[in-house]
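Me: I am new to this structure and would like a close look at a single part. Could you walk me through the place where the two chains meet?

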Amino acid sequence: MKFLRNYLNKIKPNFEEGGKLHAFRSLFDGFETFLFVPDDTSKSGVNIHDAIDSKRIMSLVVISLLPALLVGMYNIGLQNALAAGTADTTGWFDMFVFGLLVTLPKIVVSYVVGLGIEFTVAQWKNEEIHEGFLVSGILIPMIVPVGCPLWILALATAFAVIFAKEVFGGTGMNIVNVALIARAFIFFAYPSVISGDGVWVATESILGFGSDVTVDGYTCATALQHVANGVEITGASGAQLSVMDMLFGFMPGSIGETSVVAIAIGAVILLWTGVASWKTMFSVFVGGIAMCFLFQYALPENVVAQVPFWQHLILGGFCFGAVFMATDPVTSARTEVGKYIYGFGIGAMAILIRVLNPGYPEGMMLAILLMNVVAPFIDYCVVQTNISARAKRLTKKN
Amino acid sequence: MALFSKKNKESLVTPLLKENPVTIQVLGICSALAVTSKLEPAVVMGLSVTIIIAMANVIISLIRNTIPMRIRIIVQLVVVAALVTLVSEVLKAFAYDVSVQLSVYIGLIITNCILMGRLEAFAMQNKPWPSFLDGIGNGVGYAMILVIVAFFRELFGSGTLFNYPIVEKLRLYECGYLNNGLMLMTPAAFILIACIVWYQRAKDKTLQEK
């Protein structure tokens with residue numbers, strides 16, 4: 001640590017005004033503050049600073065995402081082995097390495113494209129680098145299927161960073177979740193690589209790891225698609241999925257979304273460190289469950305509505321969205337009462353889309369994006385209600 | 001008076017960039033979103049609007065001193081409606097396919113704010129020749145944006161240009177290239193127009209608000 005600090009101090013003058021590497025100052029600044037808490041203090045007035053800054057918060061979110069990512073990697077290998085019929089002969093480590101090899105290029109592409117744009121903008125506007133992409137960069141590969149081509153991922157990342165974030169003023173100013181915009185872009189622009197039944201299981205071996213699926217035109221739909229089609233929920237091998245498979249995430253789906261257990265570990269980290277709001281998270285589940293019960297009685301004919309509520313919650317991206325997407329402090333409601341309304345809306349809308357729109361088996365992404373847009377209005381209403389209540393109290397007293 | 005005096009030239013040229021009806025005055029957005037998924041209808045639409053604005057400007061300018069102020073909007077509407085009907089019939093007769101693609105949007109030129117705006121703001125106060133130039137300028141300014149948007153939407157959305165399968169001929173599909181379905185949806189036109197506005201304002205500092 002000491003060595004690193006000394007080294008940074010040594011090369012720092014190169015990046016300051018007049019130094020020969022001045023053009024890369026934002027790059028240096030970004031790395032320095034990523035590695036060490038900046039020791040700058042306020043020059044005037046009295047300011048109270050929290051010891052934690054947004055880089056530290058972002059790092060915590062990334063740490064809480066790791067369990068889901070690691071299980072997701074293992075799951076990619078497992079699904080590939082199941083599809084190829086080699087699950088009994090493949091060790092768990094081989095499966096994990098295969099998943100790692102599939103996922104790593106996606107993570108690299110997402111970070112290179114996203115951070116590249118961030119660095120360029122910071123350099124161009126003569127600002128410091130915003131750290132917001134640290135989380136988006138890991139979220140984007142986690143919410144796409146294995147079969148998503150890298151160039152589409154790069155395009156979607158670029159679109160999301162420019163049109164959902166930079167045009168609004170950068171990190172902390174975006175009105176909708178950047179990672180979800182990347183997913184929505186793929187969803188509407190290239191529906192064939194993010195929906196249907198051909199993209200959820202990796203079918204080619206990489207560097208000797210994994211197996212080639214020999215069946216021509218191998219297809220495997222996600223659990224929610226099976227639900228929407230009204231057929232039994234089966235996995236990559238064609239066998240029925242058990243509740244344990246669904247909980248641990250051993251089923252086809254987007255890379256990071258499948259494992260409820262891993263997401264729960266992330267949720268505990270987020271709640272324990274106070275980064276995410278339990279109110280939002282809790283009310284997403286309440287909203288989802290309420291809507292499930294409502295539809296169960298209101299629509300006895302609809303197959304999706306008749307799925308038990310707990311299955312709705314553990315299938316698809318419901319948990320992932322509730323824990324990592326809905327709680328994004330920038331795009332969610334900020335008032336405490338507003339968080340309940342906002343979360344409830346997400347849960348309810350997600351189930352509503354799943355049940356009533358046959359074209360979209362999953363509704364979590366669209367529900368969160370919709371409520372992101374509504375969040376400022378919710379806050380406005382909550383604040384106004386409070387103001388008028390206090391005004392009334394004042395006039396009553398006098 | 002010279003045909004292309006400085007003032008006349010200005011009324012022809014300013015609507016192209018500095019006073020562009022779409023990107024600066026933000027008029028005619030509805031049709032700019034609706035007809036730009038392919039180049040062909042966009043070009044036809046741009047041409048139709050240009051012809052109609054120019055002719056309506058000239059007609060209104062010719063009779064501007066005889067129009068009673070209280071019913072001028074009705075007179076303008078009648079003139080525009082007559083011209084739109086003419087254009088629509090001509091299209092149906094000679095370019096039926098395109099007129100089907102454009103469907104109601106040719107008829108809706110009557111409600112295009114650019115037209116009423118030019119008639120009210122220019123033709124009512126100016127002589128026929130400057131009014132004609134102003135109409136051409138505004139029509140071309142509108143058509144220009146339509147064609148730019150349609151170019152990108154057709155190229156990336158359908159992989160064609162004027163229905164020529166350019167992407168297929170370049171063998172890009174074999175490398176895994178896919179058409180961008182978002183480009184065929186209306187939001188893409190919004191984003192593209194926004195990009196044009198963005199570019200224009202970044203280039204021309206006088207357009208930026210303080």
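Reply: Happy to; here is a look at the interface of chain A and chain B, with a few words on chain B itself.

This is a predicted model, in which local features need pLDDT of at least 70 and side-chain atom pairs count only at pLDDT 80 or more, while totals for chains, interfaces and linings use all residues. Residues are numbered from 1 along each chain as its sequence is written, chains are lettered from A and ligands numbered from 1 in the order in which they are written, and side-chain values use heavy atoms, with hydrogens and water left out.

Twelve residues of chain A and eleven residues of chain B take part in the contact (heavy atoms within 4.5 Å). About 880 Å² is buried between chain A and chain B, and carbon and sulfur atoms give 77% of that area; buried area is the accessible area (1.4 Å probe) that two parts lose on being put together, summed over both. On the side of chain A that touches chain B, α6 (150-165) and α7 (178-189) each supply at least two residues. The largest share, five residues, comes from α6(A). Helices here are DSSP runs (H or I, at least four residues), numbered from the N terminus.

As for chain B, ten helices and zero strands make it up. With 210 residues, a compact globule would have a radius of gyration near 17 Å, and the 19 Å of chain B agrees (taken over C-alpha atoms; the globule rule is 2.2 Å times the number of residues to the power 0.38). Those C-alpha atoms of chain B fill a box of roughly 65 × 50 × 30 Å along the principal axes.

Key:
A polar contact is a pair of N or O atoms within 3.5 Å; within protein, one must be able to donate a hydrogen and the other to accept it, and residues adjacent in sequence count only if both atoms are side-chain atoms.
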